Amino acid sequence: MSSSPAVVVASAAVVALAVANRVLYKLALVPLKSYPFFLAQLTTFGYVGVYFSILYVRYRAGVVTRDMLALPKIRFAVIGLLEALGVAAGMSAGAMLPGPAIPILSQSFLVWQLIFSVLLLGKTYSLRQIIGCLLVTSGVILAVASGANDGHLLSGVKLIWPLLMVISSAFQAGASILKESVFVDGAKRLKGKRPDIFVVNSFGSGFQALFVFLLLPLLSNLRGIKLAELSGHLNGGAECFLNVGESPIDCGGAPFLPLLFIFINMAFNISLLNLVKMSSAVVASLTATSAVPISIYILSLPLPYIPQGAELSASFILGGMVLLTGLILYNLPQSSKESKTD
């Protein structure tokens, strides 16, 4: 299934959009450099309205059926809770960890996915596929760590913070596997027809927004924003985002860059979930992960609003080669003994 032409096209779209998503996020933070928390909340809550609007249109067009909308909501609630907890744990740890350590520790996401897909979906993986996943993870770590050569990355950091970042990845990985299970279980309930991706996106995002709202005082505090200052911060972020009023900081590039990021980010999320529906959560993650070194390379070049480039080390090149080897190894044609493993 993972080698069909449709999946190959969907995978290429995910890689392209993943690269654009990472690069544009960096560019969007140029005007919103003082308001990353505003941008995070805008995407969390704003997308709910957009996804449900698209869901309504698809329902009116007959693409989404009543049976799809009647799927049990408990799994969507758990997905939303896990994603909100992942955000909370990630923010808590991120506030205490050096920047380069965060994407490195986040690569445990793929390992958690393998574990949860075995435990929750009953999947089995060949030794070749496991080694391929580990090579992908190792390659990303090598590539990301290439810019962090100033001694030990976690020296002076309490063990609880890197552990919490790994736990954050576990929450996110669990949510991704549950999304795959919604498609698998939904196909049984819908007599072979998998649920529309906007059913999963809309209800999953809706519950995530609910739990993030409940955790908002904690999340804002973790970003150094007191609850009493939250409304003022969000208003300032909105003014900078729209580039109106007299902002105390330079918001040049807004609203074009943030809007472009939001559009591409939504397209990336939709394409990623579509790939999960067509193949599996692990295949989707492997595909998206391959975009990390490409993104780092592009961000090392002089870009509009970020004119200063950066040199890439030999470690980055080696990491990219290891990652590519892992992807090829995982996606090699399966032997008859492995045909039931993915």
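I take a salt bridge to be a side-chain nitrogen of Lys or Arg within 4 Å of a carboxyl oxygen of Asp or Glu. This is a predicted model, where local features need pLDDT of at least 70 and side-chain atom pairs count only at pLDDT 80 or more, while totals for chains, interfaces and linings use all residues. Residues are numbered from 1 along each chain as its sequence is written, and side-chain values use heavy atoms, with hydrogens and water left out.

**Entry 1: salt bridges**

I looked up the salt bridges and found 5 in the structure. I began with Arg-189, which forms one with Asp-185, the closest N and O atoms being 2.8 Å apart. The two residues are 4 apart in helix 8, so about one helical turn separates them. For helices I use DSSP runs (H or I, at least four residues; strands would be E, at least two), numbered from the N terminus. Asp-185 has a relative accessible area of 22% and is therefore partly exposed. My scale for this calls a residue buried under 20% relative accessible area, exposed over 50% and partly exposed in between, with a 1.4 Å probe and protein chains only. I also noted that Arg-75 joins Asp-185 and Arg-189 in a network of salt bridges.

Next I turned to Glu-83 and Lys-179, whose side chains meet in a salt bridge at 2.9 Å, N to O. Glu-83 sits in helix 4 (residues 74–94) and Lys-179 in helix 8 (residues 160–189), so this pair ties together parts that are 96 residues apart in sequence.

Lys-123 lies in the loop between helix 6 (108–121) and helix 7 (127–145), so the pair links parts that are 57 residues apart in sequence. Lys-123 is buried at 17% relative accessible area, and Glu-180 is buried at 3%.

**Entry 2: a loop residue**

While in that loop between helix 6 and helix 7, I checked Thr-124, which has its place there. Thr-124 counts as partly exposed, at 43% relative accessibility. From Thr-124 to Val-111 I read 13 residues in sequence and 14 Å in space, C-alpha to C-alpha.

**Entry 3: cysteines**

How many disulfides does a search of the whole structure find? It finds 1, a disulfide being a pair of cysteine sulfur atoms within 2.5 Å. The partners are Cys-240 and Cys-251, with their sulfur atoms 2.0 Å apart. Cys-240 belongs to helix 11 (residues 230–242) and Cys-251 to the loop between helix 11 and helix 12 (256–278), so the link ties together parts that are 11 residues apart in sequence. The link is left-handed, with -120° about the S-S bond. Both Cys-240 and Cys-251 are buried. I looked at Cys-133 as well, and it counts as buried at 1% relative accessibility.

**Entry 4: a helix pair**

Last, I looked at helix 12 and helix 13 (residues 281–289), which pack at an angle of about 140° with their axes 7 Å apart. Axes here are lines fitted to C-alpha atoms, for helices over the stretch in contact, and angles run from 0 to 180 degrees between N-to-C directions. The two helices are therefore oblique to each other, since angles under 35 degrees count as roughly parallel, over 145 as roughly antiparallel, 65 to 115 as roughly perpendicular and the rest as oblique.
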